[in-house]
Amino acid sequence: FDYTVNTDDKTKNILVTATPNHAKATVVSGNGTHALQAGNNTIAVTVKAEDGTTTKVYTITVKVTSTDAALQSLVIDKGTLTPAFSAGTFDYTVNTDDKTKNILVTATPNHAKATVVSGNGTHALQTGNNTIAVTVKAEDGTTTKVYTITVTVDKTNPAVSTDATLKDIIVDKGTLTPAFSFGTLNYAVNVNNKVKNIRVTATANHAKAKVVSGNGIHALRLGNNTINVTVKAEDGTTSKTYKITVTVDKEGQIIIFPEIPDKQISDAPFKLSASTNSGLPLTYSSNSPDIAEVTSDGTVSVKNAGEASITVRQAGNDYFHEASVTRTFTVYPATSAGEATEQAAFGVYPNPVSANDVIRLTIDRQPDEAVVKVYNMAGALIRQHSITERSTLLQAPSVQGVYLYILQMKNGYRKQQRVVVR
């Protein structure tokens with residue numbers, strides 16, 4: 001009374017046709033089409049005899065088994081599957097090098113009753129292509145699927161370099177500071193504001209290393225400009241960066257301002273002549289306006305005897321530094337109109353001289369009732385000496401400063417000397 005039918009999950013239903021043995025017996029259940037599900041499906045066929053009481057039950061057990069031989073996942077412990085795993089993709093590649101000696105494959109079937117019959121586990125690898133077949137058998141024991149992994153092992157080049165140093169850095173303007181050395185990574189270059197760009201030529205030390213950035217022409221602006229020169233070694237990973245800081249500085253100004261000759265207090269105003277390489281306008285100022293005044297156009301007027309100084313200044317701009325030059329000159333006291341113009345040779349030694357030291361006055365001719373008058377820079381007569389010899393020793397003034405020694409003779413000869421007392 002018990003029967004078994006085996007089929008797979010492709011069979012979705014089954015038709016049962018039962019015929020009673022006696023013509024007047026009846027099949028009361030079981031005949032017809034029955035839908036099937038995975039696993040055991042029980043169909044009871046019941047027969048009732050002519051007497052209406054006697055029955056018999058025939059049982060059919062339909063066993064439906066799975067044909068799912070797909071994988072749910074496929075995992076390797078080294079490298080990367082290409083393409084990414086998909087249940088419907090059956091061929092994969094993995095690339096690695098000969099440092100990888102083996103690979104672990106872990107395959108999981110999609111159906112709980114399917115079985116991975118080959119391919120799982122650790123596989124030894126050799127240089128070149130290594131084929132690993134992962135075979136999955138479905139529950140039905142017949143349906144199979146094979147997933148193939150081709151592991152390509154490349155031979156490692158033991159000579160691959162990690163040298164990411166430079167052999168040289170050359171700039172077409174300015175000078176690298178310090179001088180180039182492969183182990184020095186930071187450099188400075190100073191240029192003036194006329195330099196608008198700079199070319200950097202860096203050469204890698206190793207033939208197969210590459211300068212990946214920094215070579216070429218770089219635009220510059222005022223101030224600091226950073227150029228990074230990056231070198232990548234043959235191994236494609238090791239790198240070094242050399243830093244060049246290019247400072248664009250303002251240009252220095254040169255002021256041409258001739259010395260100012262000494263003047264007498266009676267001299268007329270005079271105009272200064274000064275210029276600068278920048279062509280920018282100059283300003284004049286007196287550091288001793290009580291002795292000499294100066295106007296904005298450089299006209300100087302002397303006011304009193306003494307030592308005066310005039311400064312010419314240019315304030316600079318975005319492209320030129322500030323510059324200034326100072327010139328010093330002496331304004332001497334005025335002499336009377338009746339004094340003789342012809343002058344005898346007249347020397348004072350030493351000059352400069354220390355306060356209260358002895359000085360020697362020399363005249364190139366025999367003095368004729370000669371007098372030496374000593375004036376300070378304010379024009380005051382501070383002492384007077386009669387000279388009877390061509391060489392005379394005198395005591396220098398006791399106060400530091402600039403003094404005017406004027407020699408006068410009876411015959412009208414006159415000579416003057418400026419003496420500095422320290």
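How many aromatic pairs does the structure hold? The structure holds 7, where rings of Phe, Tyr and Trp (its six-membered ring) pair if their centres lie within 6.5 Å, and planes under 30 degrees apart count as stacked, over 60 as edge-to-face and the rest as tilted.

Before I turn to individual pairs, a word on the source. This is a predicted model, in which local features need pLDDT of at least 70 and side-chain atom pairs count only at pLDDT 80 or more, while totals for chains, interfaces and linings use all residues. Residues are numbered from 1 along each chain as its sequence is written, and side-chain values use heavy atoms, with hydrogens and water left out.

Let me begin with the overall form. The protein has 0 helices and 36 strands; helices (H or I, at least four residues) and strands (E, at least two) are DSSP runs, numbered from the N terminus. The radius of gyration is 58 Å, well over the 22 Å that the globule rule gives for 422 residues, so the protein is more spread out than a compact globule. That radius is taken over C-alpha atoms, and the rule is 2.2 Å times the number of residues to the power 0.38. Along the principal axes, the C-alpha atoms fill a box of roughly 190 × 50 × 35 Å. Of the 422 residues, 35% count as buried, meaning under 20% relative accessible area, with exposed over 50% and partly exposed in between (1.4 Å probe, protein chains only).

I return to the aromatic pairs. The ring centres of Phe90 and Tyr147 are 4.8 Å apart with 40° between the planes, a tilted pair. Phe90 lies in the loop between strand S7 (71-76) and strand S8 (91-97), and Tyr147 in strand S13 (residues 144-154), so the pair ties together parts 57 residues apart in sequence. Is Tyr147 buried or exposed? Tyr147 is buried, at 0% relative accessibility, whereas Phe90 is partly exposed at 29%. Both belong to one aromatic cluster, together with Phe85 and Tyr92.

The loop between S7 and S8 also contains Pro83. A cis peptide bond joins Thr82 to Pro83, with omega of about -5°. Asn356 has a positive phi of about 70° although it is not a glycine. For context, most residues other than glycine have a negative phi, and most peptide bonds are trans. Glu369, in the loop between S31 and strand S32 (370-376), likewise has a positive phi, near 50°, and is exposed at 57% relative accessibility.

Next, strand S6. Lys63 lies in this strand and is partly exposed, at 35% relative accessibility. The C-alpha atoms of Lys63 and Asn6 are separated by 4.7 Å, although the two residues are 57 apart along the chain. Tyr58 is partly exposed, with a relative accessible area of 30%.

Finally, a contact involving a charge. Lys263 lies over the face of Phe270, at 4.2 Å from the ring centre; the criterion is NZ of Lys or CZ of Arg within 6 Å of the ring centre and within 35 degrees of the ring normal.
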